[in-house]
Amino acid sequence: MQLIKGDRGGMLSMSDDNVMMKQVQATHAPDGREVDVAPLLHLVEDILNRATLQVEPPLLAGQAHAEMEEKNHQISYSIVLDALSYVIDRISCEIAYKALGGADAHGTTMTILETLTSFQWDAKLVMTLAAFALHYGEFWLLAQIYSSNQLAKSMAILKQLPTILEHSGPLKPRFDALNKLIKNILEVTRSVVKFKELPPSYISQDVPALSAAMAHVPAAVYWTVRAIVACANQITLLTTMGHEYALTTTESWELSTLEHKLTNIHEHMRKELATCHQHIDEKRSLEEYKMLVDMFEMIHIDNMKVLKSLIYSKDDMQPLVDGSTKRRVSIEVLRRKNVLLLISDLNISNDELAILEQIYNETTRLDSQYEVIWIPVVDPSIVWTEAMHKQFETLQSTMPWYTVSHPSVIEKAVVRYIREKWHFRNKAILVVLDPQGRVVSPNAIHMMWIWGSNAFPFTSLREESLWREEAWRLELLVNGIDPMILNWIKDGKYIFLYGGDDVEWVRKFTNTARAVAVASRIPLEMAYVGKSTKKELVRRVLATITVEKLSYFWQDPTMIWFFWTRLESMLFSKIQQGKLDDHDPMMLEIKKLLSYDKEGGWAVLSKGSNIISNGHGNTVLTTLVEYDLWKEEIPVKGFDLAYDDHHKKVHGVTYPCCRFEFPNTAGRIPEGMKCPECHRYMEKYTTFLCCHDEGHPTASPFRGEL
């Protein structure tokens, strides 16, 4: 870079920056002392921020006192100033003397750096800025109070201030240029200090981002000190030569060039600083993550350490909101209680919340030592918007249990732990902690959907016990949803539970089933339970069923949602227990039903509680259509066995193997699954599907193909 030589204050002509930087580096011989320049920088910033032509005296009266009082409580300036005031005064005098003597800016800058040879780069910069603030602050202090203070008036006359301020109009462009340059000086200075303040335990010179940044610091210090010298020259010459002193073309060009130079330096340092902070955050987050992993392997006397680590570890605020009073409370309210951590993103549905609230109310009546906390997990890299804030507040206001005051309270390491150890994938989970903070269920939400409050106390042991008591029966599919079907079961009626989104299939199936029931003289009821996805198509089917009176159906969409949520929860519950592919006839049937739902229509036939057959829509309809082929078997075998035998024949011919689709949000996805039809291990594929599903905010947990 070629530099142009000018007159007073002009830039020194040099061959290139490399030669200049070698000179700068030669002045740097720190003696090892560490100076905490942060207090001094705070003080200098306060001076420079107030020392402008635009500041009005009345604005500063109460504000200045309040702000400085607060800083005085936090920072003691006396220790720093006792150690540095002599050097600062010396630099201040040096700058004024060089300006009056007509020395070039480069020479003055090098003299200052040589004077500060034993100090670190950040200290050199802040001390030079403090030296400038002495003169600049005095200049504007007199300008602001000379009209109301006789001493200030006399001092101002001595410095020709009244005459200068009378010509403030023509001088305004010069002061504007100074203000812009001072702003850039402060920004670069803060950046240099911030690099020095980076914690060495998390980042060192071995890290490329920091080593690259520190390599640029000497140049940043040189050009910033040089900019300070240029600003000081302007003030000194203005007060000594008066308002008639004209800014030369070279001086004007110098101020503009320095402003541009410092803008580029600051932008470069800002990016490097952001990279360093990212490195520090990642390292600190990893350390915190490892501490969380270790903590959950320890034995604790109560749950406080665990909960504080998960929610908020400091004592400077109350991080929870009580759902009943909507007041902020501390984590202490959960000491030695069983805590259910409801973990979700901001898209948890009203259906989920309504059923959870019902179970929560039943549970708290059973045992007051159980509490629920909502922990909202939001990707830390996402910019928080007003829409997200409103969505969070709306959800929080509807919850009767404890909630975290804001998603930002949850640390990155905790989010990582929740995702990696508890397999959270945006689908709501419910982690259960005992009074000592031990995890007694990594996700109790599945057993809640299946068994409701009967799953109390929501431990993995209770989940295993409930499965041992279960059997493949119709109550398992519809319990807690519809009393009408439960009454049919009590009456011992034949029941077709069916679903799908094909209107023609529904029409043909229901009409054929009703004709078979009449011919066989059996009491038959039918209930349409929709489909796990494609809500708009389901609404069309419901409209047809209503108009043509094809069968009974659930008018409330929540009941359809809950049916499929419970059915899917049965599969996920087994996955969580690691017993998905045990020789379990009940789970084979559940897997079939979930698979059939992806392929079209399906129907389950039961007599009372006893399920006779579970079939794909095509095989069930074919069996009914071919009634004449097996009706002669009914007197011998009975309707149940005759129907089932023929259905198996039809099924054996079509032999439809199964498929399952899991989304990334499903949490615990099995490494492998056996087909419930042929019992071979299924192949795994990656599938991209549009999961937009009108009519309901929560799509099915099944997306992505196995």
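## Terms and model

Contact means heavy atoms within 4.5 Å, while axes are lines fitted to C-alpha atoms, for helices over the stretch in contact, with angles from 0 to 180 degrees between N-to-C directions. The model is predicted, so that local features need pLDDT of at least 70 and side-chain atom pairs count only at pLDDT 80 or more, whereas totals for chains, interfaces and linings use all residues. Residues are numbered from 1 along each chain as its sequence is written, and side-chain values use heavy atoms, leaving out hydrogens and water.

## Sheet and helices

Five strands form an open sheet with mixed pairing, in the order S10-S9-S8-S11-S12; strands (E, at least two residues) and helices (H or I, at least four) are DSSP runs numbered from the N terminus, and two strands pair if DSSP finds at least two bridges between them. Strand S10 (552-553) and strand S12 (610-616) are the edge strands, each pairing on one side only. Strand S9 (residues 524-528) runs parallel to S10, joined to it by two bridges, and Tyr528 stands opposite Phe553 in S10.

Helix H20 (residues 503-520) lies across strand S8 (494-499), S9 and strand S11 (602-607), at about 165° to S9. Helix H24 (residues 617-625) also packs on the sheet, where it touches S8, S11 and S12, and its direction makes about 110° with that of S12.

## Nonpolar cores

The largest nonpolar core has 97 residues, and Phe496 is one of those with the most contacts inside it; helix H22 (residues 557-577) gives the largest share, eleven residues. Such a core is a set of buried (under 20% relative accessible area, 1.4 Å probe, protein chains only) Ala, Val, Leu, Ile, Met, Phe, Trp, Tyr and Cys residues joined through side-chain atoms within 4.5 Å.

Technical notes: Buried < 20%, exposed > 50% of the residue type's maximum accessible area, 1.4 Å probe, protein only.
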